[in-house]
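Please have the sequence and the structure open before you as I speak.

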Amino acid sequence: MIVIGELINTSREGLEEAVKNRDVEFIQDLAKKQEEAGADYIDVNCGTLIKEEVEAMEWLVNTVQEVVDVPLCIDSPNPKALEVGLEAHEGKALVNSITAEEERFAETLEILKEHDARVVALVMDDDGMPNGAEDRIRVGKKLIEDLMKAGIAEGDIFVDPIIQPIGTDQAVGEHILDAVEEITREYEEVHITCGLSNISHGLPQRQLLNRTFVTLAMSRGLDSAIIDPLDPKIMALVTAAETLLGNDQYCAGYIKAAKSGKLDV
Amino acid sequence: MSKMEKIVEGVIAGNIDRVAELTQELVDEGTKPSEIIKNGLVAGMDVVGGRFKKNEMFVPEVLIAAKAMHSGMDIVKPLLTEGESSSVGTVIMATVEGDLHDIGKNLVAMMLEGAGFEVVDLGVDIEADEFVEAVKEHQPDVVGLSALLTTTMPAMEETIKSLEEAGIRDQVKIMVGGAPVSEDFANEIGADGYAADGSTATDIAREFVS
């Protein structure tokens with residue numbers, strides 16, 4: 001499971017202020033904690049700063065990379081911010097995200113080609129958000145094919161099936177799971193990731209739905225998620241699910257996690 | 001419990017058939033349609049809105065309550081005499097140019113309808129000029145602009161500017177919302193209000209029309 005730590009995002013409380021004030025200690029501490037908890041990528045998103053986003057992104061990438069060894073996930077819908085983030089980044093970053101919207105696809109692809117990076121592909125196009133499993137599969141395949149044609153390696157593509165609230169459409173969970181399975185079946189090396197928490201929007205006890213959904217999706221092929229790695233319960237659940245799905249030889253990961261107390265949740 | 005109170009309860013409980021039944025009974029007994037709307041259907045949704053805000057009710061419950069309200073509305077609306085309105089006010093809603101993310105906008109539209117507003121949902125990726133045309137056509141009280149992407153937030157400002165240039169800015173109140181949008185941003189671009197969620201949007205829209 002490729003865990004993308006989501007905590008450095010200026011839409012979270014207190015973060016915008018920390019980034020605006022260039023609070024090095026606060027940001028570095030949050031980055032280190034996520035790495036220690038098992039994050040494979042540290043997401044950096046400062047989109048709420050709008051006009052100052054580009055400079056803030058450069059600062060974030062430099063500040064975080066000073067203290068962690070894992071690569072970053074450069075997170076912005078703004079190609080300029082992605083470009084500056086990638087310039088500053090050392091090693092192979094993950095870009096979040098590209099979509100099949102014509103203009104955004106072209107602009108983001110240019111930047112991807114210039115820098116050797118992996119990319120999250122959101123299954124939406126100029127017709128909007130996906131509706132049902134078919135839409136997700138169709139746009140997902142188009143993105144994979146177009147990216148591969150442009151020279152992006154299959155294993156560098158992370159498809160995000162776009163999670164919508166189960167509270168407004170009770171079929172959406174099944175649609176997402178079916179899409180995850182179909183895309184995984186056809187493209188073995190492509191990764192599937194998602195921002196989980198949308199699934200539980202508008203419902204009580206959201207964490208329970210988020211955690212349950214991640215295990216259901218893992219059983220269908222999800223192998224990455226944008227989550228809070230400091231939530232020990234979701235991390236323990238992911239560890240256990242990996243073992244049960246046969247992705248943990250000799251159950252070594254599970255046993256190691258248990259011995260270090262990570263499963264005492 | 002009076003039939004009117006039962007309608008309120010029925011809306012809150014999301015009892016679609018029961019609300020329709022009771023509404024029909026009241027109509028047959030000669031109760032004024034506008035009274036059924038105000039003291040029954042909309043009154044029920046007001047309770048729902050309040051509970052939603054306090055986390056005592058949740059999105060699917062609000063959806064089913066709105067359906068129950070509409071089951072009654074469908075019966076009384078055709079009976080309204082000219083000049084009588086079933087709506088508290090009219091709101092135009094859309095995501096701005098370049099933005100296709102409509103989950104939030106749809107939730108807000110649903111909450112507004114539940115509160116008795118007439119909602120004209122223009123859809124997604126709506127250019128400033130289209131907003132201008134829609135305001136001229138529908139004469140709304142409120143315009144709601146939604147953006148999820150930081151890259152499309154400037155289109156909110158452009159929309160407001162276009163309404164100004166068309167000389168119709170002051171005919172409407174403008175509220176904005178979406179994950180990256182903030183109170184500060186709303187003030188900066190000259191919007192009249194910022195709503196963090198559907199129930200806040202409803203409160204603000206009510207203030208605007210009162």
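I begin with Ala196(B), which sits in the loop between E5 and H9 of chain B; helices (H or I, at least four residues) and strands (E, at least two) are DSSP runs, numbered from the N terminus. Ala196(B) is exposed, at a relative accessible area of 57%. By convention, buried means under 20% relative accessible area, exposed over 50%, and partly exposed in between, with a 1.4 Å probe and protein chains only. The C-alpha atom of Ala196(B) is separated by 7.8 Å from that of Ala179(B), 17 residues apart along the chain.

Two sentences on conventions are in order. This is a predicted model, in which local features need pLDDT of at least 70 and side-chain atom pairs count only at pLDDT 80 or more, while totals for chains, interfaces and linings use all residues. Residues are numbered from 1 along each chain as its sequence is written, chains are lettered from A and ligands numbered from 1 in the order in which they are written, and side-chain values use heavy atoms, with hydrogens and water left out.

Is Ala195(B) buried or exposed? Ala195(B) is buried, with a relative accessible area of 9%. Ala195(B) belongs to the loop between strand E5 (193–194) and helix H9 (198–209) of chain B. Neighbours within four places in sequence aside, Ala195(B) is in contact with Val176(B), Gly177(B), Thr200(B), Ala201(B) and Ile204(B), where contact means heavy atoms within 4.5 Å. By C-alpha atoms, Ala195(B) and Ala13(B) are separated by 27 Å, and they are 182 residues apart along the chain.

Let me turn to chain B as a whole. Chain B has nine helices and five strands, and along the sequence the pattern reads α-α-α-α-β-α-β-α-β-α-β-α-β-α. Its radius of gyration is 18 Å, which agrees with the value near 17 Å that a compact globule of 210 residues would have. That radius is taken over C-alpha atoms, and the globule rule is 2.2 Å times the number of residues to the power 0.38. Along the principal axes, the C-alpha atoms of chain B fill a box of roughly 55 × 40 × 25 Å. Of its 210 residues, 52% count as buried. For contacts in chain B between residues at least 6 apart in sequence, 72% join residues at least 24 apart.

Chain A contains 10 helices and eight strands. For its 265 residues a compact globule would have a radius of gyration near 18 Å, and chain A, at 18 Å, agrees. The C-alpha trace of chain A spans about 45 × 45 × 35 Å along its principal axes. Buried residues account for 55% of the 265 residues in chain A. Among its contacts between residues at least 6 apart in sequence, 67% join residues at least 24 apart.
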